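Visitor: I would like to go through this chain and ask what the terms rest on.
Guide: Go ahead; the chain is shown here.

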Amino acid sequence: MSSRRAERIASVVHAELARLLREEVKDPRVGTVSITGVQLNPDLSVARVRYVPFGGEGDRSQVQAGLEAAARYLRGPLGRALGIRHAPEVRFELDPNIEYAAHMDRLLKNLPRSAEEEQ
């Protein structure tokens, strides 16, 4: 399977899941989430979707449970949007990179300034 095709399909999965989560999923546990990335395995059977709760809202375990419940529903519309015979199984994962970047930013801002930088 060409990596270019996988990238193209991952891009469509990203856009379509963002739309479906915003417009179709009515589960209050999900709230508003931002999809930060999609990775497809080589045979395109599984899409690992990374997300962050937008604005940090909600209990993360509740958001995860809501997304897992919606994943089965999302597979059908996703397959139709992709136009491929077998839609990938959708697996949601909380993206740890956003929190890590914010943590590193806080650490860097709290570093003591040297005398040379202050002048």
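**Terms and what they rest on**

Guide: Strand 1 and strand 2 form a hairpin with 5 residues between them, and leucine 44 in the turn has a positive phi of about 65°. This is a predicted model, in which local features need pLDDT of at least 70, side-chain atom pairs count only at pLDDT 80 or more, and totals for chains, interfaces and linings use all residues. Residues are numbered from 1 along each chain as its sequence is written, and side-chain values use heavy atoms, with hydrogens and water left out.

Visitor: What makes strand 1 and strand 2 a pair?
Guide: Two strands pair if DSSP finds at least two bridges between them. Strand 1 and strand 2 are joined by 7 bridges and run antiparallel.

Visitor: How are strand 2 and strand 3 joined, parallel or antiparallel?
Guide: They run parallel, with 6 bridges between them. Arginine 50 stands opposite glutamate 93 in strand 3.

Visitor: Why is tyrosine 51 called buried?
Guide: Buried means under 20% relative accessible area, exposed over 50%, and partly exposed in between, with a 1.4 Å probe and protein chains only. Tyrosine 51 has 1% relative accessibility, so it counts as buried. Phenylalanine 92, at 6%, counts as buried too.

Visitor: How many aromatic pairs does a search of the whole structure find?
Guide: The search finds 1 aromatic pair.

Visitor: Why is the pair of tyrosine 51 and phenylalanine 92 called edge-to-face?
Guide: Rings of Phe, Tyr and Trp (its six-membered ring) pair if their centres lie within 6.5 Å; planes under 30 degrees apart count as stacked, over 60 as edge-to-face and the rest as tilted. Here the centres are 6.3 Å apart and the planes stand at 80°, so the pair is edge-to-face. Tyrosine 51 lies in strand 2 and phenylalanine 92 in strand 3, so the pair ties together parts 41 residues apart in sequence.

Visitor: How do you know that the buried residues of helix 1 line one face?
Guide: The buried residues of helix 1 are Ala6, Ile9, Ala10, Val13, Glu16, Leu17, Leu20 and Leu21. Seen down the helix axis, they fall within an arc of 145°, so they line one face. The arc is that of the directions from the helix axis to the C-beta atoms. The face turned away from the buried side carries the exposed residues Arg4 and Arg22.

How values were computed: Helices (H or I, at least four residues) and strands (E, at least two) are DSSP runs, numbered from the N terminus.
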